[in-house]
Number of protein chains: 2
Amino acid sequence: MFAGCETDTVPVRIGGKWTVKIIICLKAGPRRFSELQTPLRGITPKVLTESLRALERDGFIMRTAHAEIPPRVEYELTPLGRTLFEPMAAFCDWRRAHLSELLDARETYEHRVPTA
Amino acid sequence: MFAGCETDTVPVRIGGKWTVKIIICLKAGPRRFSELQTPLRGITPKVLTESLRALERDGFIMRTAHAEIPPRVEYELTPLGRTLFEPMAAFCDWRRAHLSELLDARETYEHRVPTA
């Protein structure tokens, strides 16, 4: 083992491609499925359902089915879900500060002389 | 568009499953391919190659082929790559503080009465 190589005792995968976007969409309050679909352009109903279920499973969101006709189901962040805003903000800060360097690197990489 | 739903003008996907682990393994200095394989138990050579290429493309690591016999190739973090430690630390802090809540939520979810 090399210095600095930490191993996770519990390897836990948190979130998928849409996790951050969904959490941001729920920041202002509860949303219905269709109210999430609109801002999350490009997400299929199947993937949104799976993403919401994964977030519920991890305790980040709560699903509430209101006993109304027609039935109304809402999703909202739990207190645990709201704790994610802090590390997410650290990545947003990073993005703002360094995204252009990353994009420059990609541009350079694509145009470099190929090596074996 | 709902309040709080930010859309990315440039959607950029940073890193895959192994990104964080590789970056941690390179923290102490340059490493050869085989020196990464050992601590990253479970990674296949194909996936390690792809992951290193993606990190190089994004400007996070530099690949140096030393003109020696036998040839020696080393990977090391660039200054841009080192800037990732700050947001990564924010997530490690989150993990330390909240991982048990997440695992409890998963446990509860798995054992709850299934709903439609």
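In helix 3 of chain A, the buried residues are A:Ser51, A:Leu52 and A:Leu55. Buried means that 20 or more other C-beta atoms lie within 10 Å of the residue's own, exposed means 12 or fewer, and partly exposed is in between, with C-beta atoms placed from the backbone. These three cover an arc of only 100° around the axis, so they are on the same side of helix 3 of chain A; the arc is taken from the directions from the helix axis to the C-beta atoms. An α-helix has 3.6 residues a turn, so residues three or four places apart point the same way.

This is a predicted model: local features need pLDDT of at least 70, side-chain atom pairs count only at pLDDT 80 or more, and totals for chains, interfaces and linings use all residues. Residues are numbered from 1 along each chain as its sequence is written, and chains are lettered from A and ligands numbered from 1 in the order in which they are written.

What covers that buried side? Helix 1 (19-25), strand 2 (61-66) and strand 3 of chain A are included in the cover. Helices (H or I, at least four residues) and strands (E, at least two) are DSSP runs, numbered from the N terminus. On the face turned away are the exposed residues A:Lys46 and A:Thr49. Just after helix 3 of chain A, A:Gly59 has a positive phi of about 80°.

Now to strand 3 (residues 72-77) of chain A, where A:Arg72 lies. A:Arg72 is exposed because it has 12 other C-beta atoms within 10 Å.

Conventions. Contact = placed C-beta atoms within 7 Å.
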